[in-house]
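Trainee: I would like to learn how to read salt bridges in a protein model. Could you take me through them step by step?

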Amino acid sequence: MNGGLSKIRLRLRRHSLIDHLRGLLFSRHFTSSGIIVVSGGRPSPRVINRGGSLIAENCQFYSGVRLELDAGATLRIGNGTYLNRNTAVIATRSVTIGRDCKIAWDVNIMDSDFHPLPGKPLESRPVVIEDDVWIGCRAISLKGVHIGRGAIVAAGAVVTKDVPANSLVGGVPAKMVTQFQPLSGTSSHGA
């Protein structure tokens, strides 16, 4: 029992009771969720679900976050991940965000072009973001990309191709800046 009370006290030191209550209300829009925390002011985060599956573990969402799912689409968000202000994640087919990811403000993640390109049909391809990824503000991750574990996407980057694990990418389109050794990690795996 003491272990459980300690965890509750720790959570309430990190996030207010109001943030937890807002998270509880927000999680009603999820297919399945752990403990959801909503921080920041207005506008509140929102879900536009046209018949998809939204699964999140213990996560934190800030004001202005928008999650959109088309019919049959799946959006998964791993334990300990947070999405900062005004981030949009749009799944027409499949978007997976791993554990302990830090996603800054104004980030866009999408698995579709949302319109056909000249001479080509509309195309959707899954987006996979592995564990411990850090995505800088105003970065964009486009359809079909796979971002490897521990990667860092610089602010303003446009990711059009796969990003290797433990690498830093930046620019438009994003290119590898450097590869690095992973830090001996201490993942929290909790919101």
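Trainee: How many salt bridges does the count come to?

Mentor: Side chains of opposite charge can pair when their charged atoms come close. A salt bridge is counted where a side-chain nitrogen of Lys or Arg lies within 4 Å of a carboxyl oxygen of Asp or Glu, and by this rule the count comes to 8 salt bridges. This is a predicted model, in which local features need pLDDT of at least 70 and side-chain atom pairs count only at pLDDT 80 or more, while totals for chains, interfaces and linings use all residues. Residues are numbered from 1 along each chain as its sequence is written, and side-chain values use heavy atoms, with hydrogens and water left out.

Trainee: Which residues are linked in a network of salt bridges?

Mentor: That network links Arg50, Arg66, Glu68 and Asp70. Within this group, the side chains of Arg66 and Glu68 meet at 2.6 Å, N to O.

Trainee: Is Glu68 buried or exposed?

Mentor: Buried means under 20% relative accessible area, exposed over 50%, and partly exposed in between, with a 1.4 Å probe and protein chains only. Glu68 has 13% relative accessibility, so Glu68 counts as buried, whereas Arg66, at 24%, counts as partly exposed.

Trainee: Which side chain meets Asp132 in a salt bridge?

Mentor: Asp132 pairs with Arg149, at 3.0 Å from N to O. This pair links distant parts of the chain, 17 residues apart. Asp132 counts as partly exposed because its relative accessibility is 24%. Arg149 also forms a salt bridge with Asp131, at 3.3 Å from N to O.

Notes: Helix = DSSP H or I, 4+ residues; strand = E, 2+ residues; numbered from the N terminus.
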